Amino acid sequence: MSIKLGVPSKGRLMEKTFDWFGARGITLGRAGSEREYSGYVQGIDNVDLVLLSAGEIPRELAAGRIHLGVTGSDLVREKLGQWHTRVEELAELGFGHADLVLAVPAAWVDVSVLDDLDAVAAAFRTRHGFRLRIATKYHRLVREFLRENGVADYQLVDSQGATEGTVKNETAEAIADITSSGDTLRANHLKTLEDGLILQSQATLFRSRAAALDEGGRATLGALLRRLSAD
Amino acid sequence: MTDRAEVRREAARLRALFENAGARPVETTILQPAEVLLDLYGEDMRARAYVTSDALRGEQMLRPDFTVPVVQMHMSDGAEPARYTYAGEIFRRQEDDPDRANEYFQVGFEIFGRDTPAMADAEVFSRIFNILKPLGLRAATGDIGILMAAVEGLRTTARRKAALRRHIWRPRRFRALIDRFAGRAPVPAARAALLDRADPMAAAGPVIGLRGEEEIMTRINALKEDAATPPISENEVALLDAILSVRETSDNAIERLRDIAVDLPAISASVDRLADRLEALEARGIAARTLDFEASYGRAQMEYYDGFVFGFYAESRPDLPPVATGGRYDALTRQLGGSREIPAVGGVIRPGLVLKLGGAA
């Protein structure tokens, strides 16, 4: 049987992934037209390329429908409970770096650490009658982080895009989002908390712990991982 | 795997035992408005309960426990005093431990009444104790009220006490606050710099969002006031630590607590309540003086309890959650009752675990 390798289907993440495999003698490419989501693999036999949205790769790995997958470690941690029992982290690919951080308005001169945020959340609730809103799409990661650090009296509001704008628009008081340079935060008059780094993420090669393998598949996987120096 | 029909029968049997004790059987809906639970427990609740929604009623939760809806029911139309029993499924989201059930039966018994809280505590505990007796479980007890009284009794500002009270159920945060208020933890550099600045808002840039400049200044003034407040004394911190480390049989625990109360008289009334409870338990035939008592028991998991707390554990099966838990939750009735409140105590048994362990009386 052949083994299935899941790779992001578009953009910089796809190109960089192709480059990373190419540098190790495995050529990945998209078949047919720009619009067709199928691909080819050269340099090793019995490996199928599956092009997927980066956000779906964790789910496909957990279900065992792909054997290997490249996606951001933030997405695996957000979407899979007990992620390390379901996938194995094989290699960090050195691109797609992003930090998930908590940020508040830069004008909140009285807030620099989580301890301040917690105190402000309590006062905010008393004053405004509802819990301080934090806009994010990383609900699980943010909630766990705040629980571990004992921050209370907040609520998460879902934001799937333009999260940095929510504070100015008064639909949130703080945000938790991915940032690479911090420029967008600054441009939106936000600042990160000193101890508000929730997760450092980068593109990572994962192996599914659930995907079935016969003897041939196991041999192929072993050979591929040796070529990638990721075994 | 125990048969569901069997668990349901066992649940009905246990509920009948509480009905025989004069409790009125009540039912609650399975879908509960999410807002009430989120306001009580905060965002953490989403990690523990299943949330669903429709366009008409908004967010709802699959009932994560009975206590909140039973309290609401009582506060809106209950006569006093009252005792209730119920049996049914509750739902708990499990994201980290695949072996923990996410849906199971609970049978509960709750007493609402203003007279003789010690007797009510003793009755709830002893009824559950007697039902579970054949299982040979270990009973753990505690009393959150003692720690709360100790916090009230600290010689420090109301603001510091409120901050500590708010985090009583988050031991790590509570410890961090104590360290800061006692001057053990250094003041964060950014805060020290802020308090030194003549005009803190000078370089703040545009103020965006709902939290305005006046709120920021109010907090800065509060921080200044706090910086000028003397630290909580080492002596008082040692007394708090002494309370938190009490973990022995009830008769020894009460001696220890009485010793501590000499230096921290604020806890005297709550230690008296503990003594009354032990007496009431003895009167009901429980060997109360040898019960395990742990002053910090229930701090990490049982956030609406504010007095007596207890749990029953199968010591041969450390993999199982407690077979029964309960406690006093006077403050919850205040939060859910608007301006009204009524002392209340209750407990729940998990019939599925009872059967798994061989059946109860």
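Which residue of strand E9 of chain B stands opposite B:Thr141? In the predicted model described here, that position is taken by B:Phe293. The pair belongs to the contact between strands E7 and E9 of chain B, which run parallel and are joined by two bridges. With E10 of chain B, by contrast, strand E7(B) pairs in the antiparallel sense, over six bridges; here B:Ala140 stands opposite B:Gly311 of E10(B). Strand E10 (residues 308–313) of chain B is in turn joined to strand E11 (residues 324–328) of chain B by four bridges, and these two strands run antiparallel. Within E11(B), B:Ala324 faces B:Phe312 across the pairing.

These pairings form part of an open sheet of nine strands in chain B, with mixed pairing and the order E1-E5-E6-E12-E11-E10-E7-E9-E8.

Helix H5 (residues 117–132) of chain B lies across strand E6 (103–112), strand E7 (138–143), E10, E11 and strand E12 (344–349) of chain B. The direction of H5(B) makes an angle of about 10° with E12(B). Helix H12 (residues 250–263) of chain B also packs on the sheet, where its contacts are with E8 and strand E9 (292–294) of chain B. The direction of H12(B) makes about 125° with that of E8(B).

A helix pair was also examined in chain B. Two packed helices are described by the angle between their axes and the distance between the axes. The axes of helix H6 (residues 144–152) of chain B and helix H13 (residues 268–283) of chain B come within 8 Å and cross at roughly 165°. As this angle lies over the 145 degrees required, H6(B) and H13(B) are therefore roughly antiparallel to each other. The crossing of H6(B) past H13(B) is left-handed. On the side of H6(B), B:Gly145, B:Ile146 and B:Ala149 take part, and they meet B:Ala269, B:Ser270, B:Val271 and B:Arg273 of H13(B). By class, the residues of this contact comprise four nonpolar, two polar and one charged.

The domain assignment divides chain B into domain 1 (4–150 + 238–356) and domain 2 (159–232). The centres of the two domains of chain B, taken over C-alpha atoms, are separated by 35 Å. Seven residues of domain 1 of chain B are in contact with five residues of domain 2 of chain B. On the domain 1 side, H6(B) gives the most to this contact, with three residues. That side of domain 1 of chain B holds five nonpolar, no polar and two charged residues.

Chain A is likewise divided into two domains, with domain 1 covering 3–97 + 202–229 and domain 2 covering 98–201. Between the centres of these domains of chain A, taken over C-alpha atoms, the separation is 32 Å. Eight residues of domain 1 of chain A are in contact with nine residues of domain 2 of chain A. Helix H3 (residues 73–79) of chain A provides the largest share of the domain 1 side, four residues. In composition, this side of domain 1 of chain A has no nonpolar, five polar and three charged residues.

Between the chains, 31 residues of chain B are in contact with 30 residues of chain A. Helix H3 (45–48), helix H8 (171–181), helix H9 (189–196) and helix H10 (213–227) of chain B each supply at least two residues of the chain B side. The largest share of that side, five residues, comes from H10(B). The side of chain B that touches chain A comprises 14 nonpolar, four polar and 13 charged residues.

Two features of backbone geometry were noted. Most residues other than glycine have a negative phi, and most peptide bonds are trans. The peptide bond from B:Glu80 to B:Pro81 is cis, with omega near -15°, and B:Pro81 is found in the loop between helix H4 (67–77) and strand E5 (82–91) of chain B. In chain A, A:Asp153 has a positive phi of about 60° although it is not a glycine. The loop that holds A:Asp153 runs between helix H6 (139–148) and strand E9 (154–158) of chain A.

Note on methods
Residues are numbered from 1 along each chain as its sequence is written. Chains are lettered from A and ligands numbered from 1 in the order in which they are written. This is a predicted model: local features need pLDDT of at least 70, side-chain atom pairs count only at pLDDT 80 or more; totals for chains, interfaces and linings use all residues. Two strands pair if DSSP finds at least two bridges between them. Two residues are in contact if their C-beta atoms, placed from the backbone, lie within 7 Å. Axes are lines fitted to C-alpha atoms, for helices over the stretch in contact, and angles run from 0 to 180 degrees between N-to-C directions. Domain bounds come from an automatic or database domain assignment. Ala, Val, Leu, Ile, Met, Phe, Trp, Tyr, Cys and Pro count as nonpolar, Asp, Glu, Lys and Arg as charged, and the others, Gly among them, as polar. Angles under 35 degrees count as roughly parallel, over 145 as roughly antiparallel, 65 to 115 as roughly perpendicular and the rest as oblique. A crossing is left-handed if the near helix is turned anticlockwise from the far one by less than a right angle, and right-handed if clockwise.
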